[in-house]
Amino acid sequence: MKKREITDAVMQEIYNEIKTPHKYGLVMVPKDNSYKMDCPSIFRKDGKWFMTYLIFEGRGYETWLAESDDLLNWKHLGKVMSFSKDTTEWDVNQKAGYIALQDPTWGGSYKWESYDDKYWMSYFGGNTTGYEAGILSMGMAYTDELPTTPHEFKRLPEPVLRPNDDKAKWWDNSTMYKSSVIRDVEKETGHDFVMYYNARGDSINPAKGAERIAMAVSNDMKNWERFGDGPVINHHKGISGDAYIQRINDTWVMFYFGAFWTGWDQGAFNRFAVSNDLIHWKDWEGEDLIQSSESYDAQFAHKSFVVKHDGIVYHYYCAVNKAGQRGIALATSKDIGKSDIHFVAIEDDHK
């Protein structure tokens with residue numbers, strides 16, 4: 001089948017389809033200031049919506065589950081990846097999970113699809129305490145139970161990619177962060193599964209390198225290898241990260257966030273790129289999809305998860321205010337009103 005050429009007109013068409021100029025506001029916030037909330041992933045099952053998301057409370061990331069009937073009002077259900085009791089495990093203090101193999105169809109089912117009779121999550125993990133601290137590596141987790149009830153996912157015993165393994169590249173030889181895994185149905189990469197992951201690295205000074213989005217591939221969800229001779233999204237400074245893939249109008253769209261490309265004051269913001277083969281990506285050069293504009297997202301407005309349902313585009317993102325409070329916010333393609341949820345007032349928080 002002839003591939004659709006990714007012209008500037010196609011880029012504008014995609015932007016017009018996905019833009020969400022109406023900020024609804026916060027949809028989930030911490031109940032007190034002892035923890036922060038981050039990184040939503042959303043799926044649908046039996047008419048209900050579910051969200052996996054991250055909680056950081058000082059030690060590291062754990063992965064949680066919530067549910068909603070209407071994409072606006074969310075109820076916490078419980079954990080799906082917790083801190084380990086066994087202190088020798090490589091991921092004892094960090095387990096930041098993201099759903100894998102979701103139906104990528106724009107406006108589609110948003111079903112969390114299974115493979116080998118299991119539901120899969122990719123995650124970054126580590127054994128250091130603190131916010132995204134130490135060496136973080138890529139792991140894979142799975143369950144043979146329904147992912148709509150909170151329970152601990154099983155995990156492969158070792159990372160599938162490490163920044164310090166013998167196959168590390170200049171772009172991922174410092175540390176690794178979010179990953180998104182989809183099926184490569186057309187075998188564009190020659191493999192069954194593709195992982196987009198962001199990592200920091202540099203050929204001379206890894207820890208001072210930029211953060212970029214690269215690819216890995218697998219045929220069994222367990223054995224992964226890096227793909228290509230460089231990152232697919234690279235702005236050479238700051239951060240380009242947290243890819244999330246949708247199939248829109250016979251093209252692939254990667255939602256991702258940028259940060260600090262022109263300096264710290266630029267903050268963090270959501271962007272997109274488009275591809276017709278999953279490998280070569282054309283970057284949007286127009287306006288940000290989401291940027292800081294409200295008090296609740298005044299420091300950072302970043303980390304996308306975007307769904308289209310009943311004609312409305314819902315763009316979930318991580319909102320961070322000037323006080324460093326962190327929650328999950330929503331912008332939409334149509335004006336649906338304003339949320340009445342706010343961060344806990346700092347002076348009222350007697351934790």
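**A strand covered on both faces**

Mentor: The protein exposes about 14,800 Å², of which carbon and sulfur atoms supply 46%; such accessible areas come from the Shrake-Rupley method with a 1.4 Å probe, and for residues only the protein chains shown count as cover. This is a predicted model, in which local features need pLDDT of at least 70 and side-chain atom pairs count only at pLDDT 80 or more, while totals for chains, interfaces and linings use all residues. Residues are numbered from 1 along each chain as its sequence is written, and side-chain values use heavy atoms, with hydrogens and water left out.

The protein has one helix and 20 strands, where helices (H or I, at least four residues) and strands (E, at least two) are DSSP runs numbered from the N terminus. Its radius of gyration is 19 Å, close to the 20 Å that the globule rule gives for 351 residues, so the protein is as compact as a globular protein of that length; the radius is taken over C-alpha atoms, and the rule is 2.2 Å times the number of residues to the power 0.38. Along its principal axes the C-alpha trace spans about 55 × 55 × 45 Å. Of the 351 residues, 58% count as buried, a word that stands for under 20% relative accessible area, with exposed meaning over 50% and partly exposed in between (1.4 Å probe, protein chains only). Among contacts (heavy atoms within 4.5 Å) between residues at least 6 apart in sequence, 55% join residues at least 24 apart.

Strands of a sheet pair through backbone hydrogen bonds, either parallel or antiparallel. With β14, the strand β15 pairs in the antiparallel sense over eight bridges, pairing being the term used when DSSP finds at least two bridges between two strands. I245 has M254 of β15 as its bridge partner. The two strands form a hairpin with two residues between them, and in that turn N249 has a positive phi of about 50°. With β16, the strand β15 is likewise antiparallel, and eight bridges join the two. In α1 (residues 8-18) the buried residues are V10, M11, I14, Y15 and I18. They cover an arc of only 140° around the axis, which puts them on the same side of α1; the arc is that of the directions from the helix axis to the C-beta atoms. The face turned away from this buried side carries the exposed residues D8 and A9.
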